[in-house]
Amino acid sequence: MLAQTAHAISRPGRDDEEPRIAPPGTVVQVRSLDGAPVVATVARPALPGYAAPSPDLPATIDPPKDTAGFEAVSYFTVGGAGDGDRYRVRASIEDGATGMLVVASSLADVDSTLHRLLLIEALVTLLVIGGIAALGLWVVRLGLRPLGEIEVTAAAIASGDLSRRVERAEERTEVGRLGLSLNAMLGRIETAFRAQEASERKLRRFVADASHELRTPLAAVRAYAELFDRGAATRPEDLDRSMKGISRESERMSVLVDDLLLLARLDDGRPLERVPVELDEVVGEAVETAHAVDPDRSIELSAEPAVVVGDRVRLRQIVDNLLANVRAHTPADTAVSVTLTRVNGSAEIAVTDSGPGLDAEHLAHVFERFYRADASRARASGGVGLGLAIVAAVAEAHGGTVSASSEPGGGSTFRIAIPLADAGASGA
């Protein structure tokens, strides 16, 4: 029976059957049911002229188990005996058969196809990864382009150009928001730097003006002293003039030094005396003194009762300075109006004159130290430009404000607002 099966593997079929031969590249064996003795083997090359396939079949093949009730089949893979190819082996026993049919098919074509497929997949993967990397690099460079602009802007600012800003800063991206934040920071830095420069200029001007103002009376005192050394002591008229000149210039220096010390104390934030002060009485006393100093000038007073907390001496000083400013910078026949009113929780002092007034350029600087709208006339009257600066400093030390309004030919008005005592108590 086994011999008949082996012979049927390679012989042509009957007239009504297809020839039963091994497929190309296939080895067919017929073994006994126990899988050990080989009854017949047929090996057919894949192509004419090629070597016949030679799978390295085991000497014994375990009989397959009957799992389907019709045919018992098992599959396994073996190597080639000399060609290095792999073979897929099918061992089967038909129901009722007296032998085992073993068919080994070469996997060379399958392995070659898989190899080419893996190679193609590897190349495609590399191309895709390269494309993704190039695209990602382009996107990153595009997103980081504003950082380059920030670097250029930072370099320009480091070289001294504080007006440079990051261009095209937008809210849509993180780098854009960083640019907006940097622009805001640079704006504040520029403002602070400009303010520092302005402060340094004011300080230099303050020192120069103070030195100049002190040098003038010192030069006068030196001149009078030299006059005394040259024989004024023996001439009563020259001696009297020298002594009066020295006394006058010494008093002028004393006033200047006192004003500078007051401004320095206020700049340091040293506290002033804090007691209830009836401001209407202080204003009335200052107006009365101004009448005594300049009896020919018309000064009108309108004062409401007002109590503030502060230093009575300094409050009197700022009212005196405002009235002295009117006397120094307006003609003798200029009328003056002084009012004290209660406005929005503050006591407001207003000194109004009908003098020549100030233009906008001078008005913006009237509260600066050593500032004089008319320097020659200020020196002639003995002023050095500290009166209104002291007014502003004292008012701010009391928690108040100062303001000025004027028009050329229409007179000027200076206002001081200081919190009332009851407003300060309620706030505390």
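**Entry 1: the cavity lining**

I looked up the classes in the lining of the largest cavity and found five nonpolar, no polar and three charged residues. For the classes, Ala, Val, Leu, Ile, Met, Phe, Trp, Tyr, Cys and Pro count as nonpolar, Asp, Glu, Lys and Arg as charged, and the others, Gly among them, as polar. The lining residues are Ala290, Asp294, Arg297, Ile299, Leu323, Val326, Arg327 and Val336. I note what a cavity is here: on a 1 Å grid over the protein atoms alone, a set of points where a 1.4 Å probe fits but cannot get out, with lining residues having an atom within 4 Å of a point.

This is a predicted model, where local features need pLDDT of at least 70 and side-chain atom pairs count only at pLDDT 80 or more, while totals for chains, interfaces and linings use all residues. Residues are numbered from 1 along each chain as its sequence is written, and side-chain values use heavy atoms, with hydrogens and water left out.

How many cavities of 30 Å³ or more does the structure hold? I found one. The largest cavity has a volume of about 40 Å³; a volume is the space filled by probe spheres set on the grid points, which are joined across faces, edges and corners. Helix H6 (residues 312-329) gives the largest share of this cavity's lining, three residues.

**Entry 2: the whole chain**

Next I stepped back to the chain. I counted ten helices and twelve strands; these are DSSP runs numbered from the N terminus, helices being H or I with at least four residues and strands E with at least two. Of the 428 residues, 31% are buried. The cut-offs for relative accessible area are under 20% for buried, over 50% for exposed and in between for partly exposed (1.4 Å probe, protein chains only). Taking contacts between residues at least 6 apart in sequence, I see that 59% join residues at least 24 apart; a contact means heavy atoms within 4.5 Å.

I picked valine 336 from the cavity lining. Valine 336 sits in strand E9 and is buried, at a relative accessible area of 4%. Beyond its neighbours within four places in sequence, valine 336 has contacts that include Arg297, Ile299, Leu323 and Val326. Its C-alpha is 4.5 Å from that of aspartate 353, which is 17 residues away in sequence.

Is asparagine 344 buried or exposed? With a relative accessible area of 78%, asparagine 344 is exposed. I also noted its positive phi of about 50 degrees, although asparagine 344 is not a glycine.

**Entry 3: isoleucine 349**

Isoleucine 349 belongs to strand E10. I found it buried, with a relative accessible area of 1%. Setting aside residues up to four places away in sequence, isoleucine 349 touches Leu279, Val283, Val319, Thr339, Leu340, Phe414, Arg415 and Ile416. Leucine 279 is 70 residues away along the chain, and the two C-alpha atoms are separated by 9.3 Å.

**Entry 4: an aromatic pair**

What is the arrangement of phenylalanine 367 and phenylalanine 414? Their ring centres are 6.3 Å apart and their planes are at 85 degrees, so the pair is edge-to-face. For the terms, rings of Phe, Tyr and Trp (its six-membered ring) pair if their centres lie within 6.5 Å, and planes under 30 degrees apart count as stacked, over 60 as edge-to-face and the rest as tilted.

Phenylalanine 367 is in the loop between helix H7 (360-363) and helix H8 (375-380) and phenylalanine 414 is in strand E12 (residues 412-419), so the pair ties together parts that are 47 residues apart in sequence. Phenylalanine 367 is partly exposed at 22% relative accessibility, whereas phenylalanine 414 is buried at 5%.

Back in helix H6, I looked at asparagine 325. Asparagine 325 counts as buried at 17% relative accessibility, and touches Leu388 and Phe414, not counting residues up to four places away in sequence.

Leu388 is one of the buried residues of H9. Helix H9 (residues 387-397) is mostly covered, with eight of its eleven residues buried. After H9 comes glycine 399, with a positive phi near 80 degrees.

Note on methods. 1 Å grid on protein atoms, 1.4 Å probe; cavity = no way out; pocket = protein on both sides within 12 Å on 5 of 7 lines; lining within 4 Å.
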